[in-house]
Amino acid sequence: MNDHPSQHITVAVDAGPLYGHRTGVGVAAAGVIDELQRRPSLTVKPYLVSFRATPRLGHTRLPLPGIVASHTWSRRSFPRADHWLRGADVVHGTNYVAPPTRLPTVVSVYDCWFLVHPELADPVVRRAGLALRRAVAEGAWVHVSASTINDQTREIFETDRVRTISLGPPPAITALTELSVPGEVTPFLGRPFILSIGTEEQRKDVPLLIEAFAAISDDVADAALVLAGSSGNASTDIDTAISALPMAVRARVHRLGRVEDPVKHWLLRQASVLAYLSLDEGFGFPILEAHEAGTPVVARAVGSVPEVAGSGAVLVAERDAEEVADALRRTLTDGGLRLKLIGAGHTNRARFSWASTVDQMIDLYHGAIADHR
């Protein structure tokens, strides 16, 4: 809880993730910012670094194009943002990067995949990693959402200025009665299906899921595999994995691309199982969305997943298609296991609260301010 209820502070917080398609980072930033704005002990000063987005009322645009900031801040601490963030007591970069500043700084880091594997990251992401390293070297505190990420972050940056604060739950799923059947789902309507949600990046390891689905295709002959997510650096690998399937199995794989929230919510409600097989994960909102939807989860036991999923998922320890296939097979066919997972998932989701997240975040802000002095 906040130990400084009488000390009013102003927090400059990166609202950039709220603009455009809402990713997991966007959900995290929105949850934090919305709850911060409810607190009378704070003044919240949202900012963004983008010339493409139109700033919302009350949001400050730093007068620096995003691509210029990406290149410049990855190399040096200039230009500093103090003039543009005048009046702030602390800066919170909600998406791995904070602008160079002489103010106390907190940066949220969700996973360290691109730091450990920079060769697999896009140039913009690699530059964000360099800017992050610069900020930490200059004294920024790091917020992570799981203890496993905490350990990894301390080792990578050689710092003790790391604080684990779990995130809250994703927004509530639209009630089933309010949804019409989306047209995208017509090819597999009425059939059981395994669902994968996430950008087609290598970290999500979708080809492993495709291999596992092929392994159980005879056992669950009527089931489909549904892949929902924007294209990314693994899209070509996914093309190859699907093309390698026998034609009859390939016809049961449905690749939807990016879907809007109403379609995603329908998929989560109707799926037989959510498969979440990331090679690393900083939090994992889809796990909690599946819990709310009453959908069993099969997930890889990596990064934050065991902490977030609790007892509400079948966890697979190894990157092994046969082990994944066995977990999917059991979850699809064992009614007792399914009921157990659904109940555990509802209980597990109730552990998460944005109020608790922000209580701890405010403590971190005050700690960063005291440390800066």
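The lining of the second largest cavity divides into 4 nonpolar, 3 polar and 1 charged residues. This is a predicted model. The count comes to 2 cavities of 30 Å³ or more.

**Second largest cavity**
- Its volume is about 40 Å³.
- The residues that line this cavity are Ser196, Gly198, Glu200, Val206, Leu227, Ala228, Gly229 and Ile238.

**Largest cavity**
- The largest cavity holds about 80 Å³ of space.
- Its lining includes Ser196, Ile197, Gly198, Lys204, Asp205, Val206 and Leu209. Ala275, Tyr276, Leu277 and Ser278 also belong to the lining of the largest cavity.
- Strand 8 (193–197), helix 6 (206–216) and strand 11 (273–276) each give two or more residues to this lining.
- By class, the lining of the largest cavity has 6 nonpolar, 3 polar and 2 charged residues.

**Residues found in both linings**
- Ser196, Gly198 and Val206 line the largest cavity, and Ser196, Gly198 and Val206 also line the second largest cavity.

**Second largest pocket**
- The volume of the second largest pocket is about 210 Å³.
- Its lining has 18 residues. Thr101, Leu103, Thr105, Glu138 and Ala140 lie nearest the centre of this pocket.
- Helix 4 (123–137) and helix 14 (354–372) each supply at least two lining residues to the second largest pocket.
- Helix 14 gives the largest share of that lining, with 3 residues.
- The lining of the second largest pocket comprises 9 nonpolar, 4 polar and 5 charged residues.

Key:
Residues numbered from 1 in each chain as written. Predicted model: local features only at pLDDT ≥ 70, side-chain atom pairs only at ≥ 80, totals over all residues. Heavy atoms only, no water. 1 Å grid on protein atoms, 1.4 Å probe; cavity = no way out; pocket = protein on both sides within 12 Å on 5 of 7 lines; lining within 4 Å. Points joined across faces, edges and corners; volume = space filled by probe spheres on them. Helix = DSSP H or I, 4+ residues; strand = E, 2+ residues; numbered from the N terminus. Nonpolar A, V, L, I, M, F, W, Y, C, P; charged D, E, K, R; others polar.
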